[in-house]
Amino acid sequence: MKLINILFVAVCTVSILSVANAQNNNDAIDIPGLRAVGSPANPKVPMNWNRYHDNKQIEQFCKDLQKAYPSLVKYESIGKSFEGRDIFVLSISDFNNGISDRKPGMWIDGNIHANELQGSEIAMYTAWYLAENYHQVPFIKELLQEKIFYIAPTINPDSRDYFIYEPNTMHSSRTGRRPFDNDGDGLIAEDLYDDLDADGHIVMMRRKSKTGRYKADPENANRMILVKPGEKGEYELLGFEGIDNDGDGLVNEDITGTYDPNRDWGWNWQPNYVQNGALYYPGTLPETMAVKNFFFKHTNIAGAQSYHNYGGMILRGPGAAQDDKYYSRKDIQVYDAIGQTGAKMLPGYDYIVIHKDLYTVFGGEIDFFALGRGIYTFSNELMTTYKLFNEKANGGLRQSDEYYEFDKLLLFGDAYVPWKEFDHPQFGKIEIGGAKKNYTRNHPGFLLLEDAHRNAAFTIYHAHHMPKLEITSIETKVLAGNLTEIVATVWNSRIIPTHSDHDVKNKVNRPDYIRIEGADVIVGMRVLDKDFNSTVEQKYKPDQIEVPSIDGMSEVRVKWIVKGSPKNVKIVVDSEKGGLVEKAI
Amino acid sequence: MKKIFVLLCSISPLLGFAQLDYPSYKDLLSSIHQLKGNKYVSIGTIGKSFGGENISVVKLERDPNVKPTLLLVSGIDGKHPAGVISSVGLLKELLAMQPDSLAHLLDNKSIWIVPLVNPDAYKRNVEAGHWNSGNARVVDNDRDGRMDENPSMDINGDALISQMRVKSIAGTHVMHPNYKNILIEADRSKGEKGNYVLFDEGIDTDFDDRYGEDGVGGVNLDRNFTFNYPAFYPESGNYAASEPETKALMNFVYENPQISTIVQFGLTNNLSEPERFNEAKANERIVSSWTAKDADVAKYISSIYKKISKPLGEPTKMEHKPGNFANTAYYHLGKYSFSTPIWWPSVVDSVNNTKTTKGDDMFYQWAIQNNIDGAILPWVNVKHPNFPNNEVEVGGIVDIYRLNPPLAYLGQSTKIHADFIQHLLKAMPQLEFQKPEITALGADVFRVELAVTNVGLMPMYPEIADKIKYVSKFKTICELQKDQVFLNGKRLQLYPSLGAGKSQTFSWLIKGKGTVTIIAGCPTSGIVNIDVKL
């Protein structure tokens, strides 16, 4: 039997056979010599993590993973996009162990900016990695027993397919597909990009000009460089491929959706003239509303990650300086503990603060999660020039010539459309060429897998440190007059508290409840200091003591005086973000 | 009717005190729908409330052609039913005008009215006789994880929620020197000692030392709008524009760019005291002052308002609250936004015939002088579970009466405001072309010069709207015939808002004979067109 198995594994990579094999063995355990440590050698759902996926393929992946691991994976649609596509969320947890939606939840989303494709692949990889390693890595098994992941590969499905299948630049289709009048002329989306040479890429336009300030790089013909002061240039740059479609003298000024779905969230929202990209009010878009509603339904979400590109950053809030006051020292310590570890796990990525180190964002998703809902949230800006040659770029993010060199040496010219001549109706004789839409911001294929794993590992670390509550002791003491004193101690063995400091101050979520069942309670109180008997009585419903938070790596104590000496007493800890645990005396 | 009611109450005190004599929700709706018979009236909906009620809009217009429109809204905060009654009343006033005058009024402009933005509140409140602000959403007002666990409570069974005073050496309040049923704060700076603690009528069921802090009442929509939204504030909702009513109203304004000016009957007054220009606040990234030009318009409109509303007496001062509609309508929707509570207590000193009473005293004096049943109650002893050892009495002020008088008192205000709305409508912008100047330069080359003038008394739209992407701007379009080309100038051009009495000149150089059509304007000013023969 064993021999046959080995033969199967060695010969067959067809998934159906692998599934049969895994089922025969009860669990899929890789042959040690075939397993490259950390990765399944024989996954039930074979995937190529060096390519991108459209919506149909993402849905297929969700279906396949659920089918392969029905007790670990469920997927659902949490709402429809503007054009009516489903927004899928994969729930990953050990469904045979505990009530899943009461476990501390880790939210991961990708692709809110549709041109930033790889957030979806990295989110999918995370779901895949967790399911495929549940039986092989004890840490993952324990993680899925204690926690739940909610993974939304794309929260902007309309624009994802538009980016993939329609003419776009690497920066366009950041937005959604709802048309608006962007220039106030009363017309909607009347001046789009034009794929002049019909090659599926929107690249740059240049024109030979005596007064131009650019020349072609003699080292690399794809690259345009700014000439030195006093030096004569050869070309002027005319922007991205397009024509003036509405006769207002402007090119591409009213493309679809210049709005930004990441300015449509319900914390410190500001209108468009304060925060470019904002719409009518927070929640103008069905996509952001679907996610918001999901969060209000899933108050167990204690950690969140929202993937963007690019630049190699592990970002935390706030998006605007005026919200700094909501980040207490205590909360920052939690962020630092996780973020600094992340910077180590993700070479080339820096752990930084959005408004200080990037730019100001009002009405962003991160702030809504972190400040609106009290959830410890990071946002990773995927892909960095560091990854090209494993060293920090000299010249900064957008000036560096490393992309050109990397293309030449490792991609053999696949990343650029070479310059070619074109007769433009308004500009006359021009040339069209430049970087393809999937270059610079989105990972080249062979770098994608590595970054997927590193980022997935960071979210797993983040998820691992969501609260884990244990009732460490229940002490009873018989008092005079037929009374019993019961003291319960609850310990959170992870870094993240059940309520952020911000949450406690503003009462974002309800307090944690520590309840005694099966006893006739006379009085109940929180114990602030057990050695000096410092306590606070709770008059209202003393059987269920309300605790503002159970901090990371800390314990809380509650005390009851009950009548008689009751048998069959049960202590229940009921925390929205910390989960539900109970223990009988 | 009202007199009979008062009489009935006075002979039979067991019936309790009078409630506000406002129509039931059903009667209110049918009185709105009865207006449909008029040829200028059409009724639609702008959306549904959280509780599933339709939010109606009554459109008063001569024909379906889009015209610059004045939008009147009321009933946003459930504690202001007087606004709802008045806007429906105002509609009736307008419809009762001479047919010719009404037709003339609606020649170039339309009036749309959303009388009840928060139908859930009116429906619930008028039934219960207790007036709460919010919609039908169940909210955890005190954010303690429990829903509506501590509602206000009618302890003495008079069917009203009034005040509750507890005699205590730790008191903060004393009796008003002139009105025995009213308590005012003891003035510590003058060595005054309080002898009562004052609460709203209620019980502290959850022992958090607050009385009636978490009852029915939902989200107060006037705290749910986007400008200066107060997060984690009672009744403000989970986030800005979280409520369907808020979204419905904002969408309605965005989707109807012809809405030019918004008037609210609500709990803010920027008509008696106009908006002012504050240079520092106007220049910050988050703008929080009307621009200089817009403040000039506010001053002008306010001067009209003050003149017309003079018979209503000295208005109660009311400032903008965070997250309210009036501010959002200006700063985020880019509309001239005016708000008034339409009625306030006012008395004339009978001896000197001069207005000497100010502030709260005005309300006390008005209620007493007019014998407003149910507004100020005598103190009645009650047993209170939270204060077993103190003397507790229920009585004092029934808050809702401060800005919501019995029906009979609203008639004069409604008439005055109908007059104001007409003045405002007439002040709205209007464009006229001046005579075009055409110069033939030879070889079929023509210079077309043309000016358009805003002959209205208000600019085309507020200056702030030039910053707002989704407000339709002032533009010109010059349509050429097939064989004509521009030598100078563009087919489409955008301009900033044109002030009252101001002109904008345009010029094109066109090669080729034939008639060109030029349009100018924007939805809030109306769009004019002219054919020019070359």
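1. Two residues are counted as in contact if their C-beta atoms, placed from the backbone, lie within 7 Å. The model is predicted: local features need pLDDT of at least 70, side-chain atom pairs count only at pLDDT 80 or more, and totals for chains, interfaces and linings use all residues. Residues are numbered from 1 along each chain as its sequence is written, while chains are lettered from A and ligands numbered from 1 in the order in which they are written.

2. Chain A has 14 helices and 24 strands; helices (H or I, at least four residues) and strands (E, at least two) are DSSP runs, numbered from the N terminus. Its C-alpha trace spans about 100 × 65 × 45 Å along the principal axes. Of the 585 residues in chain A, 47% are buried. A residue is buried if 20 or more other C-beta atoms lie within 10 Å of its own, exposed if 12 or fewer, and partly exposed in between, with C-beta atoms placed from the backbone. Among contacts in chain A with a separation of 6 or more, 73% join residues 24 or more positions apart.

3. Helix 7 of chain A (residues 286-297) has 12 residues, which at 1.5 Å a residue should span 16 Å, and its end C-alpha atoms are 16 Å apart, in agreement. The expected span is 1.5 Å times one less than the number of residues.

4. Which residues of helix 7 of chain A are buried? They are A:Glu287, A:Thr288, A:Val291, A:Lys292 and A:Phe294. Seen down the helix axis, these buried residues fall within an arc of 160°, so they line one face of helix 7 of chain A; the arc is that of the directions from the helix axis to the C-beta atoms. They pack against strand 1 (73-80), strand 2 (86-92) and strand 3 (105-109) of chain A. The face turned away from the buried side carries the exposed residues A:Phe296 and A:Lys297.

5. The contact between the chains takes 30 residues from chain A and 31 residues from chain B. On the side of chain B that touches chain A, helix 6 (244-255) and strand 18 (492-495) of chain B are the elements that give two or more residues. Helix 6 of chain B gives the most, with 4 residues.

6. Chain B is assigned domain 1 (2-137 + 217-344 + 404-427), domain 2 (163-215 + 349-402) and domain 3 (431-533); the bounds come from an automatic or database domain assignment. The centres of domain 1 and domain 3 of chain B, taken over C-alpha atoms, are 36 Å apart. Their contact takes 19 residues from domain 1 of chain B and 18 residues from domain 3 of chain B.
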